[in-house]
Amino acid sequence: MPIQPIEVMIVEDDPRTAEIYKQFTQKLEGYTVSDIANSGEQALELLKIYSPDLILLDIYLPDMNGIDLLWQVRSHYRGVDVILITASNEADTVREAIRGGVFDYMIKPIMIDRFLTTLKKYQDVKKQLSNSKVFRQHEVDSFFKTIPVGSIHEGGNMESPLPKGIDKLTLSRIKKQLNEASVSVNVDELAKSLGITPSTSRRYLEYLLSIDEAEVELKYGAVGRPERRYKLVNQKR
């Protein structure tokens with residue numbers, strides 16, 4: 001029996017951004033974008049016709065707040081999962097997203113690697129939930145990103161586990177290099193200084209950004225996209 005593709009609805013008021021999401025989503029095997037809605041009302045009308053597996057949802061919609069749409073989805077379409085992709089980083093919004101049971105929360109501007117990794121993770125979780133009837137604790141932990149036993153050390157200090165692809169030693173080297181830098185650095189500069197690939201440099205910088213240990217500056221030139229430059233939060237000089 002062939003595996004049914006994961007059907008995605010994109011709710012995003014910027015048509016160009018929505019099209020970018022669509023193109024990258026459909027590059028992943030097992031995904032199809034069924035519809036794009038440019039407003040909350042359009043999304044609700046589409047949901048009356050069919051139920052996608054997943055909604056990629058923006059917060060800032062022209063006719064309603066995305067969180068309000070999230071709660072309507074939770075009230076009437078409980079089988080639909082939601083990933084938020086938004087420029088909103090306010091604590092109240094993040095809290096409501098957690099309460100609303102979103103699968104993930106991505107803050108714009110997002111990196112394509114981050115976007116694709118999230119969709120792959122969703123695909124893996126959905127497959128595991130479909131193929132098994134019972135789970136062991138470590139399997140449930142992987143769904144909820146629970147801190148495993150052994151992460152609490154002597155003295156009561158709690159150390160969060162590093163995600164896949166992030167090595168403790170490399171992370172320490174990168175933080176040391178950032179701390180010693182006199183100015184913010186871009187991906188290529190950090191890669192050259194440490195003898196690592198730009199993709200590795202980008203992965204670690206974005207990880208530090210995601211845990212609020214680094215911040216990004218956008219440097220605008222005469223043409224082209226702005227350059228992303230990184231520095232540690234409260235960096236020593």
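Please keep in mind that the model is predicted. The chain contains nine helices and seven strands. Of its 237 residues, 38% count as buried. Its accessible surface is about 14,900 Å², and carbon and sulfur atoms account for 52% of that area. Turning to contacts between residues at least 6 apart in sequence, 55% of them join residues at least 24 apart.

In soluble globular proteins, nonpolar side chains tend to be buried together. Here the largest nonpolar core has 24 residues, and those touching the most other members are Val11, Ile55, Leu57, Leu69 and Leu84. At least two residues of this core come from each of β1 (6-11), α2 (40-49), β3 (54-57), α3 (66-76) and β4 (81-86). Leaving aside residues up to four places away in sequence, Leu69 touches Val11, Gly40, Ala43, Leu44, Leu57, Leu61 and Met64.

Finally, the aromatic rings, which form two pairs. Tyr21 and Phe115 are stacked, at 5.6 Å centre to centre with 15 degrees between the planes. Tyr21 belongs to helix α1 and Phe115 to helix α5, 94 residues apart. Tyr21 counts as buried because its relative accessibility is 8%, and Phe115 is buried at 1%.

Phe103 and Tyr122 are edge-to-face, at 5.2 Å centre to centre and 85 degrees between the planes. Phe103 sits in the loop between α4 and β5, while Tyr122 is in helix α5, so this pair ties together parts 19 residues apart in sequence. Phe103 is partly exposed, with a relative accessible area of 26%, whereas Tyr122 is buried, at 2%.

Notes: Residues numbered from 1 in each chain as written. Predicted model: local features only at pLDDT ≥ 70, side-chain atom pairs only at ≥ 80, totals over all residues. Heavy atoms only, no water. Helix = DSSP H or I, 4+ residues; strand = E, 2+ residues; numbered from the N terminus. Buried < 20%, exposed > 50% of the residue type's maximum accessible area, 1.4 Å probe, protein only. Contact = heavy atoms within 4.5 Å. Areas by Shrake-Rupley, 256 points an atom, 1.4 Å probe, with all protein chains shown as cover. Core = buried A, V, L, I, M, F, W, Y, C linked by side-chain atoms within 4.5 Å. Phe/Tyr/Trp six-rings, centres within 6.5 Å; stacked < 30°, edge-to-face > 60°.
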